[in-house]
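Visitor: I have a model open and would like to talk through a few places in it. Could you take me around, one spot at a time?

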Amino acid sequence: MSLALASASTNSTPPRGRSESRTRVGVDVQVVDEITVSLAAFGERYVSRVFNAEEVAHVRRHPSTAASYLAGRFAAREAVIKVLGVDSALAVWRDIDIVAQPTTTPRVVLIDSALELANSLGITEILLSLSHARHVATAVAVADVISTSAGGSP
Amino acid sequence: MSSTSDSIRQVLESHGQLPVGISTLRNGDDLYQNGLTSHASVNVMLALEDTFNIEFPDSMLRKSTFQSVAAIAEVLISLGVEEPQH
C-alpha cells in the first residue's frame, strides 16, 4: 500500500534575498503478511536484496519477529523515497539507511545517490516516525527544504 | 510453449497481488495504476529472476521497469531473454 508524496509550502512568496522553507512529507503503510509471504517465497534472497547488512543480521537474530520488523523498515524507506520524490529505484533504496537508536525512533542516514539527491533538493535532515501494529507498520518522513532566493536587500 | 508475455503474466498472477485479474489487463496497461504496490513489485522482480534465470542490475530496479507487461518484456529482452520458438 502506498500513498502519494505531499509537499506543502509554508512561505510561498518569500521576500527577495530571504530563505524559503517548504516541508516535504512522505507516508507509507506496509502490511506485515505481505512480508511473511515474501520471506516464505524467496527467503534470505528477499531480505538481502532489499535490506541492508544490519537488517539482515537482525532478521537472523530474531526470526520470529522478522516480518513485523521488516515491514517497518520497508515502510520507512518508502516514506523517505516519497520525500525525495524518486522513482523508487532500489539503487537509491539501498542508499537509505534506517539506523536504530537505543531510546528514540530510528534515524535516517542517507549515503551516496540518496545523499546527492537530498542535497540537490536542499534537504539536510529527514525526520522519521514509525509505528507497528499486529498487521501493519506505518512510517511518516518529514523534511524541511531550505532554499535561498536570489536578490538584493529588501 | 508459452510466450514471454504469458510467463510475465503468470508471475504477475502469482506474485503481483493485483486487485484485478491479470487477464483483464492489456500488455500496455499501467500495472501501478491497477494496484501493483512497491513491495509487490519486489516480489515480481525476484520471481522474474527465477523464471527467466536472470538478475536485474541495479540500474533497472526502478518503477518504470515494472510499469506494464510490455515494459517488463522489453527489459527482459535487453537482458538477453529470447522469445521461445514455436
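**A walk through the model**

Guide: Let us begin with Ser68(B), which is found in the loop between α2 and α3 of chain B, and keep in mind throughout that this is a predicted model.

Visitor: Is Ser68(B) buried or exposed?

Guide: Ser68(B) counts as buried, because it has 22 C-beta neighbours inside 10 Å, and the cut-off for that class is 20 or more.

Visitor: Which residues does Ser68(B) touch, leaving out those up to four places away in sequence?

Guide: The residues it touches are Asn27(B), Gly28(B), Asp29(B), Asp30(B) and Leu31(B). As for Leu25(B), it is 43 residues from Ser68(B) in sequence, and the C-alpha atoms of the two are 9.3 Å apart in space.

Visitor: Okay, on to the helices. What span should α2 of chain B have, and what do its ends say?

Guide: Helix α2 of chain B covers residues 38-52, and at 1.5 Å a residue its 15 residues should span 21 Å; the C-alpha atoms at its ends are 21 Å apart, which agrees.

Visitor: Which of the residues in α2(B) are buried?

Guide: The buried ones are Ser38(B), His39(B), Ala40(B), Ser41(B), Val42(B), Asn43(B), Val44(B), Met45(B), Leu46(B) and Leu48(B).

Visitor: And what follows α2(B)?

Guide: The helix is followed by Asn53(B), which has a positive phi, near 55°.

Visitor: How do α1 and α3 of chain B pack?

Guide: Helix α1 (residues 4-15) and helix α3 (residues 69-78) of chain B pack at an angle of about 120°, and their axes are 10 Å apart. The crossing in which α1(B) passes α3(B) is right-handed. On the side of α1(B) the contact is made by Thr4(B), Ser5(B), Ile8(B) and Arg9(B), while α3(B) contributes Val69(B), Ile72(B), Ala73(B) and Leu76(B).

Visitor: How many of those contact residues are nonpolar, polar or charged?

Guide: The contact of α1(B) with α3(B) has five nonpolar residues, two polar ones and one charged one.

Visitor: Switching to chain A, what is its make-up?

Guide: The secondary structure of chain A comes to five helices and six strands, and from the N terminus on the order of the elements is β-β-α-α-α-α-β-β-α-β-β. Chain A has 154 residues, of which 32% count as buried. Among its contacts with a separation of 6 or more, 60% are between residues 24 or more positions apart.

Visitor: Pick one strand residue there. Where is Arg107(A)?

Guide: Arg107(A) has its place in strand β4 of chain A, residues 107-110, and it is partly exposed, with 14 other C-beta atoms within 10 Å. Leaving aside neighbours within four places in sequence, Arg107(A) is in contact with Val99(A) and Gln101(A). Between the C-alpha atoms of Arg107(A) and Ile81(A), which are 26 residues apart along the chain, the separation is 15 Å.

Visitor: Last topic, confidence. Where in chain A is it lowest, and where highest?

Guide: Confidence in chain A is lowest in strand β1 (residues 6-9), at a mean of 39, and highest in helix α3 (residues 66-84), at 95. The pLDDT is below 50 over residues 1-14 of chain A, although this stretch has 27 contacts in the model beyond near neighbours in sequence. Residues 150-154 of chain A also stay under 50, and the model has eight contacts for them beyond four places in sequence.

Visitor: And what are the averages for the chains?

Guide: Chain A averages a pLDDT of 83, with 79% of the residues scoring at least 70, and chain B averages 91, with 94% of the residues scoring at least 70. The model as a whole scores ipTM 0.86 and pTM 0.83.

Terms used. Residues are numbered from 1 along each chain as its sequence is written. Chains are lettered from A and ligands numbered from 1 in the order in which they are written. This is a predicted model: local features need pLDDT of at least 70, side-chain atom pairs count only at pLDDT 80 or more; totals for chains, interfaces and linings use all residues. Helices (H or I, at least four residues) and strands (E, at least two) are DSSP runs, numbered from the N terminus. The expected span of a helix is 1.5 Å times one less than its number of residues. A residue is buried if 20 or more other C-beta atoms lie within 10 Å of its own, exposed if 12 or fewer, and partly exposed in between; C-beta atoms are placed from the backbone. pLDDT is the predictor's confidence in each residue, from 0 to 100. Two residues are in contact if their C-beta atoms, placed from the backbone, lie within 7 Å. Axes are lines fitted to C-alpha atoms, for helices over the stretch in contact, and angles run from 0 to 180 degrees between N-to-C directions. A crossing is left-handed if the near helix is turned anticlockwise from the far one by less than a right angle, and right-handed if clockwise. Ala, Val, Leu, Ile, Met, Phe, Trp, Tyr, Cys and Pro count as nonpolar, Asp, Glu, Lys and Arg as charged, and the others, Gly among them, as polar.
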